[in-house]
Amino acid sequence: MLLRSAMVRILIKGGKVVNDDCTQEADVYIENGIIQQVGKELMIPGGAKVIDASGKLVLPGGIDTSVHLEESFMNATTVDDFYSGTKAALAGGTTMVIGHVLPEKNESLLEAYEKCRHSADSKACCDYALHIGVTWWGPKVRAEMEKLVRDKGVNSFQMFMAYKDMFMLRDSELFQVLQHCKDIGAIARVHAENGELVSEGAKEALDLGISGPEGIEISRPEELEAEATHRAITIANRAHCPIYLVNVSSMSAGDVVATAKMQGKVVHGETTTAHTVLNGMQYYHQDWSHAAAHVTVPPLRLDPNTPNFLMSLLGNDTLNVVGSDHRPFTVKQKAMGKDDFTKIPHGLPGIQDRMSVIWEKGVIGGKMDENRFVAVTSSNAAKIYNLYPRKGRIIPGADADVVVWDPEGSKIISVENQVQGGDINPYEGLRCHGVPIVTISRGRLVYENGMFTCAEGSGKFCPLRTFPDYLYKKMVQREKCQAVKAVEREPYTGEVVAVANSGKRDTGSSDLDTPTRPCTRHGGMRDLHESSFSLSGAQIDDNIPKRSSARILAPPGGRSSGIW
């Protein structure tokens, strides 16, 4: 009985509590999965497990907003399921993940959701939620989106402007989806790349004999991301829908997001751990397996300044969230594209290392303080997905998702000692200062000094509410301010010209319409050889006597002074 009591009562003593807006020295008392008290000299019942956090930071558990677990993609299945993936998340200080459900073309969104829930509920070690991919569009999808929002606890949908003939939506379809997201209060996540030009670029690269991993970078230059980012923001603005851009990977796309925010548009951005740390020179490595291991979409960028730039955008709130975009494959799976880079499965691991890598490159690197670190790894995600302050903040009444963080501790990342699956780690050999030493999920001590005490299936699905204030409050006000309305005026009572209609034309056209001129081989130039102008028949000057000659006193170009 005492042991059971100690499991549900935890006192974290002597640490610094870090939220996104402040840091304070305080103790934290947890009971029955909820933070009960935060402060000094707390009065608590006996039988609590005491965790000494002297010299340590006490952070809200991380929220990883983009993970792909137990997912089939490009003829391969990710090597982490919901058990191994969420276990690795806990080891890295993440206490909630949001996974992806990507239905095939014409597949029911509801059926894909239920299939994923059936698998995840029995395996997840930490709390989780789901994004649903809108990979095709029609009345059935519209109805199922409403049902998912109303009955299934889903509040976010992901759309793709890339992956032609697979997931890609046309602009008109994207516009309709965004309008529907606004109507049902959902979060519209958009992967922005120009899918048409990406497809053409891949064909060109293969025609040039470029079949290796470098082709992914060559065929998807950052201008295609920047163009699509601008187009996505424009479409969302016309639909009056907040937009959440995912996998922002380049400086030019980051500039587009920054400009839109300065214009007052409701835009939020998410980048990935890999894009804030690594660059695209990895694709030109002599070892094919090393180069292929880094294939992801959008690709890592060649400009070595890009990771630093993206980390700065996280630091100044141009970008709001950093996710791992965890999609782990083995070298053997990547080798399906050994002769054709378009067949290399896209994805990198990172669910375990996200927090430590961002601390190393962001906080130790001087791009953000510990409060901003909490914001980009936890609090902003909680606000955007309508979980705040139940998650993402250490206050009385919040879920007891807590991490004791050692800012002086360090570790060297290696595939040899990772918990996550796969035989690839893109951060191999990176020394990180700042590591989690204790992870508490829903008031349960699940990880301490390298030891796990979590049970498979102990995590819970978190239903997410719609219309998050963090996105929709400003949008509602903008729509009110920018509402268009007709001009009130007296009706026109004058005469209206009658339009003759021969009955041969389509409705809406008239005999006064200018006929479309047929195209000639000369493009837009007039072709006098093919002109319909004719001198045959009666002419207007037929009654004027003809002269045999006429003296020109002032020829074109002026009178000549030569001896002619």
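**Confidence, pockets and cavities in a predicted chain**

The structure is a predicted model, in which local features need pLDDT of at least 70 and side-chain atom pairs count only at pLDDT 80 or more, while totals for chains, interfaces and linings use all residues. Residues are numbered from 1 along each chain as its sequence is written, and side-chain values use heavy atoms, with hydrogens and water left out. In residues 508-526 pLDDT likewise stays under 50, but for this stretch the model has 14 contacts beyond four places in sequence. Where pLDDT is low, the predicted coordinates should not be read in detail. Over the chain, the mean pLDDT is 90, and 88% of the residues reach 70 or more.

The chain contains 15 helices and 21 strands, taken as DSSP runs numbered from the N terminus (helices H or I, at least four residues; strands E, at least two). Of its 564 residues, 53% are buried, that is, under 20% relative accessible area with a 1.4 Å probe and protein chains only. Among contacts with a separation of 6 or more, 76% join residues 24 or more positions apart. The accessible surface is about 27,000 Å², and carbon and sulfur atoms hold 52% of that area, as computed by the Shrake-Rupley method with a 1.4 Å probe.

Volumes are the space filled by probe spheres set on the points, which are joined across faces, edges and corners.

The largest pocket holds about 680 Å³. Its lining consists of 27 residues, with Met74, Tyr163, Met166, Thr342 and His346 closest to the centre. Two or more lining residues come from each of strands S9 (72-73) and S10 (76-77) and helices H6 (195-207) and H7 (214-219); H6 supplies the largest share, six residues. By class, this lining has 13 nonpolar, eight polar and six charged residues, where Ala, Val, Leu, Ile, Met, Phe, Trp, Tyr, Cys and Pro count as nonpolar, Asp, Glu, Lys and Arg as charged, and the others, Gly among them, as polar.

The second largest pocket has a volume of about 390 Å³. Glu70, Glu71, Ser72, Ala112 and Lys115 are the closest to its centre among 15 lining residues. Strand S11 (94-101) and helix H3 (109-121) each give two or more residues, and H3 gives the largest share, four. Seven nonpolar, three polar and five charged residues make up this lining.

Of the 17 residues lining the largest cavity, His68, Phe160, Asn247, Asp325 and Arg327 lie nearest its centre. Strands S13 (156-160) and S14 (187-191) each contribute two or more residues to that lining, which divides into five nonpolar, nine polar and three charged residues.

Leu169 is located in the loop between S13 and helix H5 (171-184). This residue counts as buried because its relative accessibility is 4%. Beyond four places in sequence, Leu169 touches Val134, Thr135, Trp136, Trp137, Met159, Phe160, Leu174 and Val177. The C-alpha atoms of Leu169 and Trp136 are separated by 6.7 Å, although the two residues are 33 residues apart along the chain.

Notes
Buried means under 20% relative accessible area, exposed over 50%, partly exposed in between (1.4 Å probe, protein chains only). Contact means heavy atoms within 4.5 Å. On a 1 Å grid over the protein atoms alone, a cavity is a set of points where a 1.4 Å probe fits but cannot get out, and a pocket is an open set with protein on both sides within 12 Å along at least five of seven lines; lining residues have an atom within 4 Å of a point. pLDDT is the predictor's confidence in each residue, from 0 to 100.
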